[in-house]
Amino acid sequence: MKKTRETNKIIPGELLSVIEEYDAGKNTYVDDGDIRSSAIGGSSINLQDRILNVKQKNPPMIPKIGDIVVGYIDMLFGNMISVRIVYINEKYSKSGFSAIASTRFSASSGGYGSSWRERGYKGKYVFKVGDIIRGRVCSLLNSSIHLSLEDKDLGVVYTICFSCGNEFTKVPGGLKCNFCGNFEDRKVSIDYGKQSFTQLYDMQF
Amino acid sequence: MYSLKELTLLDENGIRSDGRGINDLRSIKITVGVVKNADGSAFIEFGKNKIIVAVYGPREVHPKHMALPDRCVLRCRYHMSPFSTDTRKNPAPSRREVEISKVMRESLEPSLILSDYPRAVIDVFVEVLQADGGSRCAGINAASVALADAGINMRDLVSACAAGRIADNIVLDVNDLEDKEGDADMPVAYMPNLEQVTLLQLDGKLTTTQFNECLNKAITGCKAVYEIQKDALMKKYFGNEMELKEEA
């Protein structure tokens, strides 16, 4: 027996079924016992769980839990940073959503955590305004986008020297300027410098 | 231009000044996705009205203090281009434009599921390129299609149409001349699937019977407009599939 049944060509407001038959799933809503579509797309009925979903053809680009986002730091406050999102899952986003991330990390995620706490660093020394960072959306609690920077592939992906403005090279424990030799502490992504974010860096100013 | 002496809004055969019958709509054409940089857009030709609508969002709210923690903010801007009327219109927002922006927002709001996008904003820009009476209804029709094109979760599309009284007859879809010289004008916005009215305005006087007739006629017009809105969206999103099916 088939587990799903699919139909096409649905626009918002269209009557799909009634609550006695199915549960209202994604992109549907219940109005007076009727299940109606709230999006353009095709309906998909899970016959095992009796859930009616609509697969949206044109979903708006909004960060969801698990999405990988790239953006720049526009504010630092204590142990938190505010990130302006520019790419969602490698797709350019004009929405300009802000997200927040914690600057506390476990030691396993890139050498920080206990080590920088021992050295007496505060969060604001790990990142600077203007850094391009990659993060994963871990929560949408209280309607705010929370990013996690814990994994090795997350963290700073591009920045420039705050002393002379030249490019940095990744070194153990942080970044070193190719020109003036300035060393800066960062939670650096494992692939730092592999992708060029020069344009994105310039865009914020 | 017309002379008031020669003006006949409705002749003895029930033919209106533009050749329509009392139950006829003007010709309507909607094109979806005309503004490249917008998240959703539509262009409507409603008789001689030509209106372009662009929707941006959901996006970050600026200024940030306007953001609502539990739902999205809907902002609507209705604007008439200086060249849209017979005599040049001052491009600054007039009292009428501010009012229409407000009523358009209020007519669209019930159709949107704004709680799905907390702390965000949806901006709707309605630009009238050519006006010939009923531009708020045409703007609402195009805005609703543009919102659906932007992928905003909606309860239903909003269709709008006006009805009015000229020469003691209730007529559908009043044009600019009938609006100015007629006895009453009633724009109505309606969600056809949910059978709910989201906007009802009345300029002029009607008896209870005339009011009911006028409202029913406007709703009939809205239902006809809905079919055109639906076709426009179907053409954009299922165009190829529909053509293949027709060929088969």
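**Exercise 1. The hairpin in chain B**

Find the residue that stands opposite B:Ala189 in this predicted model.

*Solution.* 
Step 1. B:Ala189 stands opposite B:Leu199, a residue of β9(B).
Step 2. Now look at the two strands. β8 (residues 184-191) and β9 (residues 196-200) of chain B pair in the antiparallel sense. Four bridges link this pair.
Step 3. Inspect the turn. β8(B) and β9(B) form a hairpin with four residues between them. In that turn, B:Glu195 has a positive phi of about 55 degrees.

**Exercise 2. A:Gln56**

Decide whether A:Gln56 is buried or exposed, then list what it touches beyond its sequence neighbours.

*Solution.* 
Step 1. A:Gln56 lies in strand β7 (residues 51-56) of chain A.
Step 2. Apply the cut-off. Buried means under 20% relative accessible area. A:Gln56 has 16%, so it is buried.
Step 3. List the contacts, leaving aside neighbours within four places in sequence. In chain A they are A:Asn27, A:Ala39 and A:Ile40. In chain B they are B:Gly151 and B:Asn153.
Step 4. The A:Gln56 side chain comes to 2.9 Å from the backbone oxygen of B:Gly151.

**Exercise 3. A:Phe97**

Locate A:Phe97 and state whether it is buried or exposed.

*Solution.* 
Step 1. A:Phe97 sits in the loop between β10 (91-92) and β11 (98-102) of chain A.
Step 2. Its relative accessible area is 8%, so A:Phe97 is buried.
Step 3. Go through its contacts, again leaving aside neighbours within four places. Those in chain A include A:Met61, A:Val83 and A:Ile145. From chain B come B:Pro58, B:Arg59, B:Glu60 and B:Ala120.
Step 4. Take one distance. A:Gly173 is 76 residues from A:Phe97 along the chain, and their C-alpha atoms are separated by 30 Å.

**Exercise 4. The interface**

Describe the interface of chain B and chain A by its area and its polar contacts.

*Solution.* 
Step 1. Start with area. The two chains bury about 2500 Å² between them, 55% of it on carbon and sulfur atoms.
Step 2. Find the main contributors in chain B. B:Glu60, B:Tyr237 and B:Phe238 lose the most area to chain A, together 20% of what that side buries.
Step 3. Count residues. 35 residues of chain B are in contact with 30 of chain A.
Step 4. Sort the interactions. There are 15 residue pairs in polar contact across the interface, but zero salt bridges.
Step 5. Name the elements. β3 (49-60), α2 (135-149) and α4 (208-247) of chain B each give two or more residues to the side that touches chain A. α4(B) gives the most, with nine residues.
Step 6. Classify that side: 19 nonpolar residues, five polar and eleven charged.

Technical notes
Residues are numbered from 1 along each chain as its sequence is written. Chains are lettered from A and ligands numbered from 1 in the order in which they are written. This is a predicted model: local features need pLDDT of at least 70, side-chain atom pairs count only at pLDDT 80 or more; totals for chains, interfaces and linings use all residues. Side-chain values use heavy atoms; hydrogens and water are left out. Buried means under 20% relative accessible area, exposed over 50%, partly exposed in between (1.4 Å probe, protein chains only). A polar contact is a pair of N or O atoms within 3.5 Å; within protein, one must be able to donate a hydrogen and the other to accept it, and residues adjacent in sequence count only if both atoms are side-chain atoms. Contact means heavy atoms within 4.5 Å. Buried area is the accessible area (1.4 Å probe) that two parts lose on being put together, summed over both. A salt bridge is a side-chain nitrogen of Lys or Arg within 4 Å of a carboxyl oxygen of Asp or Glu. Ala, Val, Leu, Ile, Met, Phe, Trp, Tyr, Cys and Pro count as nonpolar, Asp, Glu, Lys and Arg as charged, and the others, Gly among them, as polar. Two strands pair if DSSP finds at least two bridges between them.
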